[in-house]
Amino acid sequence: MTDQAPKSQELREGLEGLALKVVMLEEGDLPGLGAFLTHLEKIQAILPADHGPEVALLFQQLEDVGNKLILQEIAPVARAQELLSQGVSLLLTWARESTFPGESEPWKVYHRGAQELGLMKAAAAPAQAEPEAEPEPAAAMESQIWEDPELVANFIAEAREHLEGIESGLVRVEQAPTDLQAINAVFRPFHTVKGVAGFLNLPQIQELSHEVESLLDEARSGRLQITAPVIDLILAGVDRLKDMLDDLQEALSDHRSLQRFDLQDIKEMVKKLQQQGVPAEAPKLAEILEPQEEIAAPDMDQALKELQAQEKTPPPAEIQVEAKKAPPPNAAPPPVEQVKESKRAPVAPPAPAAPAAPAAAAEGKAASDAQLPATVKVDISKVDNLVNLMGELVIAQSQVRQNPNLLTISDPKLERDLAQVSRITSELQMISMSMRMVPIGQTLRKMVRLVRDLSRKSKKTVELHLEGEDTEIDRNMVEAIYDPLVHLVRNAVDHGLETPKERQAQGKPPEGHVWLRAYHKGGNVVIDIEEDGRGLDRDRILAKAQERGLVQPGEQLNPTQIDHLIFEPGFSTAETITDISGRGVGMDVVRLTIERLQGKIEINSRPQQGTRFTLRMPLTMAIIDGLVVKVGKERYILPAVAVRETLRPAASDYFTVQGQGEIIKVRSQLIPLLRLHRLFRTGNGDIPPTEALVMVVEHEGKQRGLLVDDILGKQEVVIKSLGESFQKIKGLAGGTILGDGRVGLILDLGGIFALAQG
Amino acid sequence: MSQAARQIQQEASALHEKEGKYLTFTLAQEDYGLEILKVREIIGMMEITAVPQTPEYVKGVINLRGRVIPVIDLRLKFGLEAAEYGERTCIIVVEVQSEVGPVQMGVVVDSVSEVLNINGDDIEPAPSFGTRLKNQFILGIAKAKGTIKILLDIDRVLTSEEITGIDSLGG
């Protein structure tokens with residue numbers, strides 16, 4: 001043993017060098033491949049005499065693959081390169097542990113890969129791959145996790161993203177089961193998850209993603225037809241993986257060990273499906289193309305096109321990775337670190353496909369955000385802090401500008417400098433705000449799975465259309481709108497859309513459509529949730545509302561007002577679920593959530609044609625466009641989005657009702673008047689409306705005129721919480737710091753309307 | 001229950017625990033003390049934005065370096081006669097424990113006197129004044145420099161119920 005040590009050391013170093021070369025390989029990189037082969041030969045020269053047959057086989061295959069790559073006799077190239085890195089990783093494990101990992105998962109993965117690439121026919125398939133090898137006892141695994149919790153946390157976040165991508169991707173696969181691009185788009189994230197889980201030594205996650213991946217692999221090589229059970233199984237796998245990630249996260253924060261999940265059911269299903277799909281002999285790569293053609297036979301042209309596309313541009317994402325190999329250090333930081341670590345750490349686990357992980361991770365990255373430039377991950381609290389400070393800088397700057405002493409100085413240079421400062425500050429503010437913005441697509445795509453599940457459950461055919469996935473929205477907002485969105489989408493499918501039969505009876509196409517649209521409009525983010533279903537049943541809503549005492553029998557309501565009744569808290573009760581086309585269940589909660597975000601919700605419904613809910617929210621929760629108004633000696637801020645118009649009423653347009661209620665006439669419309677002076681007990685509560693200003697504001701479809709003394713200006717205000725003490729005060733949404741450094745209160749119209757009511 | 005328990009515990013565990021440094025201030029010729037550890041800073045009077053639907057003693061909110069904090073007039077809170085704010089009027093910013101964690105608030109006082117080191121031996125429990133006057137805000141009474149200082153339990157003075165004044169909340 002002892003005299004062997006220097007030699008094994010040399011061997012290990014050699015293999016590590018080899019691993020590095022593999023990682024650096026690029027497609028068509030002939031010099032790189034040459035160097036790889038030379039290196040391989042050198043290592044073979046120093047091999048100990050007693051190396052087993054598997055090692056010899058590995059070396060031979062690696063050489064073979066290398067040669068074929070140079071001669072371009074092997075395809076797909078990416079797969080072959082992956083095989084190289086898997087092989088080298090196996091050798092490394094062998095060199096470290098001085099026994100060959102013949103029964104381990106990586107070996108099986110490698111073996112399968114080699115088979116696919118047609119390398120295995122000469123070699124006798126190793127028989128020992130039969131029993132399910134349990135990789136690594138649990139104890140070893142945990143110590144590994146806690147060593148680098150940050151890496152694991154990153155993995156959790158990334159894996160969740162991947163799983164979401166998979167869910168939406170699967171729906172596409174379901175629609176076009178032969179679309180290789182679509183299958184690849186699902187396959188790749190699984191592969192990435194598997195690779196990284198392997199690297200982090202999370203055997204169960206790795207095992208499960210491997211199972212599902214292998215199923216997908218069969219599908220993409222045309223040996224397995226994608227059917228509903230396959231999709232269901234994959235989704236079940238996704239759900240299980242999500243559970244595992246939840247468990248992993250908990251384990252990470254509580255410093256406990258991982259739960260064991262029972263994967264037997266999924267594994268058995270995979271096996272069953274595979275057996276159904278697998279022909280007697282595993283076909284060689286060249287033959288794989290044939291079954292595909294058969295499947296696509298009904299649509300020959302399409303199939304040919306696909307095949308061409310596939311041959312010329314094998315999975316496009318991979319090409320992008322190729323082009324980006326040897327990435328700038330921050331393009332995909334975790335993978336780069338992983339490479340380093342797997343090199344250095346002498347106690348590194350028999351990292352299944354460790355060198356493959358970075359490549360795989362990069363691949364996944366490129367697939368998910370192909371056009372994204374280099375990024376840095378930053379703790380969100382830092383960004384929040386920055387945004388807050390920016391808000392204060394803007395305020396501080398305007399305080400300086402409004403300093404009376406400064407106003408007496410007339411110095412053009414000072415003026416210029418101040419202008420320059422304010423230009424830079426506002427630009428800084430824009431940038432810092434934009435740092436918090438994320439595309440809404442991820443949130444919208446979560447609905448894809450939801451719609452699929454719902455449509456199956458309710459036996460309706462639903463097509464979901466997503467538009468404006470790139471629309472950016474404040475990160476904090478994304479989380480806040482998720483629940484309302486789920487609610488509205490669920491309502492749309494469950495209650496808005498009719499069953500295929502009903503639809504056909506009305507002469508509509510049997511499949512229902514749901515549109516989710518996100519776009520920017522007038523400084524707001526707008527999200528539409530629209531379906532082409534039956535529309536709101538106003539008669540029944542009205543009847544229900546009267547029954548519940550929300551509307552007095554004689555009361556005249558216009559259609560919009562009737563529609564908005566479904567947002568009334570008293571309106572939604574369990575029994576209405578199946579009644580009035582079910583709308584109204586928890587709709588008050590939806591409305592409240594949106595309004596808490598300083599947003600608005602609108603309904604647009606046409607009988608038999610469908611319903612559209614429109615959520616209109618400020619771009620961020622931190623800043624709103626406000627109108628500063630003066631009431632008495634106080635200043636209040638009104639959300640500009642709610643203000644319809646401002647006017648000074650003529651005496652002839654002002655009426656009182658029984659000496660108490662006040663109304664103004666705006667064109668032909670009668671609008672109740674609210675006196676902020678009285679509600680907030682400030683200033684002259686009896687000021688004649690003709691001497692004041694009326695702000696016509698709209699909230700939940702109701703219009704009111706707010707009486708104020710003056711409008712002081714329109715400005716973007718940074719919303720600050722008034723703190724716990726003032727939570728219960730009605731009519732206030734928060735505070736802000738105005739230009740003179742004083743606090744201004746932001747009005748909450750819902751609260752003010754309620755205050756005026758009673 | 002916890003109220004009673006606290007009462008007993010307060011008296012039993014000697015007043016020694018309350019020994020320490022106090023910021024003293026005056027309110028209508030009376031001397032008061034605040035645990036110095038609760039005090040964040042002392043600022044001069046500034047313009048206060050009134051908040052509607054709050055009891056009279058809640059003067060409103062101020063901007064403390066970008067944060068919005070409530071301000072209480074202690075004179076009004078304790079039912080003393082209101083006074084014009086003058087040169088010496090100050091806002092003491094304290095950090096109190098609320099149900100949701102530490103919260104900063106300002107209290108308006110007539111003037112700030114000094115920081116005093118008060119001995120446990122000099123502290124006596126708050127006497128009961130019967131129903132006329134609730135002593136729940138008082139930690140104890142300290143004898144110092146030939147006069148007395150009323151030591152305030154500021155956490156209790158400034159609970160959110162006290163500030164929103166639930167019963168006085170109209171509308």
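Over residues 166–171 of chain B, pLDDT stays under 50. For that stretch the model has 9 contacts beyond four places in sequence. pLDDT is the predictor's confidence in each residue, from 0 to 100. Contact means heavy atoms within 4.5 Å. Where pLDDT is low, the predicted coordinates should not be read in detail.

Now the ground rules. This is a predicted model, so local features need pLDDT of at least 70 and side-chain atom pairs count only at pLDDT 80 or more, while totals for chains, interfaces and linings use all residues. Residues are numbered from 1 along each chain as its sequence is written, chains are lettered from A and ligands numbered from 1 in the order in which they are written, and side-chain values use heavy atoms, with hydrogens and water left out.

Scores next. The model has ipTM 0.79 and pTM 0.47. Chain B averages a pLDDT of 82. In chain B, 81% of the residues score at least 70.

On to chain A. It has 758 residues, and 49% of them count as buried. Buried means under 20% relative accessible area, exposed means over 50%, and partly exposed is in between, with a 1.4 Å probe and protein chains only. Chain A holds 27 helices and 18 strands. Those are DSSP runs, numbered from the N terminus: helices are H or I with at least four residues, strands are E with at least two. Take the contacts in chain A with a separation of 6 or more: 69% of them come from residues 24 or more positions apart.

Now the interface. How many residues of chain B are in contact with chain A? The count is 24, and they touch 21 residues of chain A. Together the two chains bury about 2100 Å². That is the accessible area (1.4 Å probe) that two parts lose on being put together, summed over both. Carbon and sulfur atoms carry 63% of it.

Polar terms across the interface. The rule finds 5 residue pairs in polar contact, both residues at pLDDT 80 or more. A polar contact is a pair of N or O atoms within 3.5 Å; within protein, one must be able to donate a hydrogen and the other to accept it, and residues adjacent in sequence count only if both atoms are side-chain atoms. There is also 1 salt bridge across this interface. The cut-off there is a side-chain nitrogen of Lys or Arg within 4 Å of a carboxyl oxygen of Asp or Glu. The partners are Glu47(B) and Arg742(A), with the closest N and O atoms 3.3 Å apart.

Which elements give two or more residues to the chain B side? They are β4 (58–64), β5 (67–73) and α4 (160–164) of chain B. β4(B) gives the most, with 5 residues. By class, this side has 13 nonpolar, 9 polar and 2 charged residues. Here Ala, Val, Leu, Ile, Met, Phe, Trp, Tyr, Cys and Pro are nonpolar, Asp, Glu, Lys and Arg are charged, and the others, Gly among them, are polar.

Arg675(A) and Glu662(A) pair at 2.9 Å, N to O. Arg675(A) sits in strand β13 (residues 669–675) and Glu662(A) in strand β12 (residues 661–666), so the pair ties together parts 13 residues apart in sequence. Buried or exposed? Arg675(A) is buried at 7%, and Glu662(A) is buried at 10%.

Glu502(A) and Arg534(A) pair at 3.3 Å between the closest N and O atoms. Glu502(A) is in helix α22 (residues 500–505), Arg534(A) in the loop between β5 (524–531) and α23 (538–547) of chain A, 32 residues apart. Glu502(A) is partly exposed at 36%, and Arg534(A) is partly exposed at 26%.

Arg452(A) and Asp453(A) pair at 3.7 Å, N to O. Arg452(A) is buried at 8%, whereas Asp453(A) is partly exposed at 28%.

Last, two backbone checks. Gln608(A) is not a glycine, yet its phi is positive, near 65 degrees. Gln608(A) lies in the loop between β6 (600–606) and β7 (610–618) of chain A, partly exposed at 43%. Gln29(B) also has a positive phi, about 65 degrees, without being a glycine. Gln29(B) is in the loop between β1 (20–27) and β2 (30–35) of chain B, exposed at 78%.
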